[in-house]
Amino acid sequence: MSTVSVRIDKDLIDAARSSASAEFRTVQGQLEFWAKVGRAALDNPELPASFIAESMMSLAESRDDSLPFVPRSKK
């Protein structure tokens, strides 16, 4: 993976640093996550950004930690 230097407003970096700490990501990882969520939100305007973010986080989770789907019993 190659990298590129860009200028980003200090306030955005500070917000990313705060969120990154809470979500166990690096500042770079947090900015990349926000960019991916934003891009997906623009591509899918009918979906709430929170749904997109939660979906992306679930895709990043290990399948070893997941539980099998158990349907509700029918009455």
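**Close-ups of a predicted model**

**View 1. The lining of the largest pocket.** Look here for Met 1, Ser 2, Thr 3, Val 4, Ser 5, Val 6, Ile 8, Val 27, Gln 28, Leu 31 and Glu 32, which line the largest pocket. Bear in mind that this is a predicted model. The pocket's volume comes to about 310 Å³. Sort its lining by class and you get six nonpolar, four polar and one charged residues.

**View 2. Lys 10, Asp 14 and Arg 17 are linked in a network of salt bridges.** Asp 14 pairs with Lys 10, with their closest N and O atoms 3.0 Å apart. Asp 14 also forms a salt bridge with Arg 17, and there the closest N and O atoms are 3.3 Å apart. Both partners sit with Asp 14 in helix α1: Lys 10 is four residues from Asp 14, about one turn of the helix, and Arg 17 is three residues from Asp 14, again about one turn. Lys 10 counts as exposed because its relative accessibility is 59%. Asp 14, at 31%, is partly exposed, and so is Arg 17, at 46%.

**View 3. Arg 25 and Glu 23 meet through their side chains.** This salt bridge spans 2.3 Å, N to O. Arg 25 is partly exposed, with a relative accessible area of 23%, and Glu 23 is partly exposed at 37%. The model's salt bridges come to three.

**View 4. Thr 26 sits in a loop.** That loop runs between α1 (10–22) and α2 (27–43). Is Thr 26 buried or exposed? Its relative accessibility is 53%, so Thr 26 counts as exposed. Pro 45 is 19 residues away from Thr 26 in sequence and 28 Å away in space, C-alpha to C-alpha.

Note on methods:
Residues are numbered from 1 along each chain as its sequence is written. This is a predicted model: local features need pLDDT of at least 70, side-chain atom pairs count only at pLDDT 80 or more; totals for chains, interfaces and linings use all residues. Side-chain values use heavy atoms; hydrogens and water are left out. Helices (H or I, at least four residues) and strands (E, at least two) are DSSP runs, numbered from the N terminus. Buried means under 20% relative accessible area, exposed over 50%, partly exposed in between (1.4 Å probe, protein chains only). On a 1 Å grid over the protein atoms alone, a cavity is a set of points where a 1.4 Å probe fits but cannot get out, and a pocket is an open set with protein on both sides within 12 Å along at least five of seven lines; lining residues have an atom within 4 Å of a point. Grid points are joined across faces, edges and corners, and a volume is the space filled by probe spheres set on the points. Ala, Val, Leu, Ile, Met, Phe, Trp, Tyr, Cys and Pro count as nonpolar, Asp, Glu, Lys and Arg as charged, and the others, Gly among them, as polar. A salt bridge is a side-chain nitrogen of Lys or Arg within 4 Å of a carboxyl oxygen of Asp or Glu.
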